[in-house]
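Subject: Structure handover

Hello,

Here is the structure I promised to pass on. Please take a look at it before you read my notes.

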There are 2 protein chains.
Amino acid sequence: MADKKKRRRLDLDSEDENEDNRKILPFKKHLKPDSAILSILQDLTDSIQANLNTNKTLTLSDLSLSSTCREVSDLDLSSVQDAIERLILRITQSILSGSGFAFDVPARSNTNQLYVPELDRIVLKDKTSLRPYSNVSTVRKTTITTRILQLVHQLCLKNIHVTKRDLFYTDVKLFQDQTQSDAVLDDVSCLLGCTRSSLNVVASEKGVVVGRLIFSDNGDMIDCTKMGMGGKAIPPNIDRVGDMQSDALFILLVEKDAAYMRLAEDRFYNRFPCIIVTAKGQPDVATRLFLRKMKMELKLPVLALVDSDPYGLKILSVYGCGSKNMSYDSGNLTTPDIKWLGVRPSDLDKYKIPEQCRLPMTEQDIKTGKDLLEEDFVKKNPGWVEELSLMVKTKQKAEIQALSSFGFQYLSEVYLPLKLQQQDWL
Amino acid sequence: MADKKKRRRLDLDSEDENEDNRKILPFKKHLKPDSAILSILQDLTDSIQANLNTNKTLTLSDLSLSSTCREVSDLDLSSVQDAIERLILRITQSILSGSGFAFDVPARSNTNQLYVPELDRIVLKDKTSLRPYSNVSTVRKTTITTRILQLVHQLCLKNIHVTKRDLFYTDVKLFQDQTQSDAVLDDVSCLLGCTRSSLNVVASEKGVVVGRLIFSDNGDMIDCTKMGMGGKAIPPNIDRVGDMQSDALFILLVEKDAAYMRLAEDRFYNRFPCIIVTAKGQPDVATRLFLRKMKMELKLPVLALVDSDPYGLKILSVYGCGSKNMSYDSGNLTTPDIKWLGVRPSDLDKYKIPEQCRLPMTEQDIKTGKDLLEEDFVKKNPGWVEELSLMVKTKQKAEIQALSSFGFQYLSEVYLPLKLQQQDWL
């Protein structure tokens, strides 16, 4: 039986030599030895670190925009508590002095958003709107705001984390609908000038991480090279994450679960030292915070592997520049300078992805693609504009998984190594 | 500042004594010391273990049903490989002898399903249907079946795991649509008599686990008491999971992410030694396999915490009795004897869940509830019938999070301990 098995494996290996199989794994012959690719990656990391060490990260105040734009920052629990108490004190004084009860809440509508090219992210401008208690149209929202402030104050005292859903259920009668308490929670973040994580309200976790990273989660030391194939679930509360250490040369940000699994099983991070992270689709706040923290503390380049469709690029942009909905916190949620490694529209022809593995774009896809072409954060990067224009022109899209048409391990054994070797990122 | 903080904490503690707060945390006064609750749990575990040690788990052959029902089992890679080769050899012989090319595929339609009360799960009956190549209506499916067998054979040789999506992309031209390759993959499982995991095709992972469990994932030892708040992502491939060790008294199966997070942050598993597991909603195959493996190897009782709505009970039943879609593998996917701990319809009044935290059931909810009442696996358990009837009668549902109306930590500090103390599971 053992002999039989051995024979079969040998047959398989010898197949690698024949013509037929070279057709199945195109471009494999272009691959240089791993040591050559590793030295390319080392150069990339060195340049990023040199850059981060000499160029201080720009902020709104460097651009003299801090008076016209609004940003929040991470505050510790007692500062949040103090901020709430000061706010309530101010309002009490206003009531006692006869000026009435009102919150001056930052506006978060589309017209109050601004993309700042120097920062490469979306920020919130400084328009506010008054929310008086003595007005029929705002009395409910004023009450909800007060209640949320009170609940957050309790969280500070107890030092525990809850979800938005928990918050909603503490007073269903008042909130009526979770969208109402969620919206006011974002208002309260802006109002207090702190991030939502500082309020100890967290989103549910979706992301996983695996590879050359050690970090602490709520006091436990986690070694992500020893997390098997499943990986470590990214903690919902970034404030309990710390002590990051790594010997990785880059961070590989992966859009989808299936590609993540392939790379985790093949222990890609041992061949090319890296940290592999995915939010399994749409980026959630916890994964965005975790990615940013890795990038800033470890000073590593971030390379993104997303589907070749408008949503792939959109996902990349949310990690990179932020979403309009949470622009007030873009400084903390975004990871600057993410490189678009693949799968890019130009890869489809370059890597000879078979026609039947490409999908026709729908009307909606094409519209989304065209809308993206109008966005400042795309325009800023000529390479992205070129790729996206190609996509809209050819009306073709493809998932990362399309690479499986060349064999299940084509992604980890040929496509990614070759991309790295050719420094083929934008 | 430190003094200020201390004073506040003291205020908070002293609040526990006043009348107002006792109203906020109802039933807290009924709680016995933890040691009393722990001894109740120890009895439960002992009885489960005694039961498992004396009563051998029933199988289809014990019930003399193995000739009329079909079940698959876990096979190692070389057995799967041999099974494929034997099948292809048989077909070749059939072709050579002039009898043609056809697969005899087990039928997986609703009419071929059977709930077996003695086993408390849904199984597949033995009806099969012929899939000949020489028939216009089946030629495509026969070709797809052959192709999937070939791909799985490759996976065996390479010993790697892929997703259903990967499999689809290896031959889009033939499969056309992922539902087609998915369906045939299940056929191939039945045909070969092995589980889908034995084919090395895995579903994407969703579940997380935290608490008193140590296990190995792909050779790495994982200590789930040291996984912070995020927990350990449940591996997609159960065959690389092993060496389970635990000093837990029970497994707490949680439907939702938010409740999981509360319990993980409060390290509930340290107060009442347990393993906490969640699939974050609908149970995926990886979480079902993982739960079963824990139950069988550690011989622990499983207590379920789900929403008080028809879907909560349905989710519980999928863990317990299986889904119709994968009935051929119910023996491996189901966890016998899961207890319904909460949130149960009778809890709403018993724990005085405020009216505004209960939600009216929709027409569809009520229909689903009534349909469930007709299911054999519900009828078998009179307690469940009673609860479900109450739900349908009151037309009220509630999420686990509704308990937050008594305070964020009510779930971990009062509700669950009291449930355990009162042995209030069905």
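First, the ground rules. This is a predicted model, where local features need pLDDT of at least 70, side-chain atom pairs count only at pLDDT 80 or more, and totals for chains, interfaces and linings use all residues. Residues are numbered from 1 along each chain as its sequence is written, chains are lettered from A and ligands numbered from 1 in the order in which they are written, and side-chain values use heavy atoms, with hydrogens and water left out.

**Chain A and chain B**

How is chain A superposed on chain B? A rotation of 180 degrees does it, with 0.0 Å of shift along the axis and an RMSD of 0.0 Å.

The contact (heavy atoms within 4.5 Å) takes 69 residues from chain A and 68 from chain B. Of the interface residues of chain A, 99% are also interface residues in chain B, so the copies meet through the same surface. About 5,700 Å² is buried between the chains, and carbon and sulfur atoms give 53% of that. Buried area is the accessible area (1.4 Å probe) that two parts lose on being put together, summed over both.

There are six salt bridges between the chains. A salt bridge needs a side-chain nitrogen of Lys or Arg within 4 Å of a carboxyl oxygen of Asp or Glu. One joins R165(B) and E399(A), at 2.1 Å from N to O.

On the side of chain A that touches chain B, helix α9 (residues 257-265) of chain A gives the most, with six residues. Helices here are DSSP runs (H or I, at least four residues), and strands are too (E, at least two), numbered from the N terminus.

**Inside chain A**

The domain assignment, automatic or from a database, gives domain 1 (69-202) and domain 2 (205-422) of chain A. Domain 1 puts 25 residues into the contact and domain 2 puts in 24. The buried area between these domains is about 2,000 Å², with 51% from carbon and sulfur atoms.

How many salt bridges cross this domain interface? The rule finds zero.

Best wishes

How values were computed:
Copies are superposed by least squares on the C-alpha atoms of residues with pLDDT of at least 70 in both.
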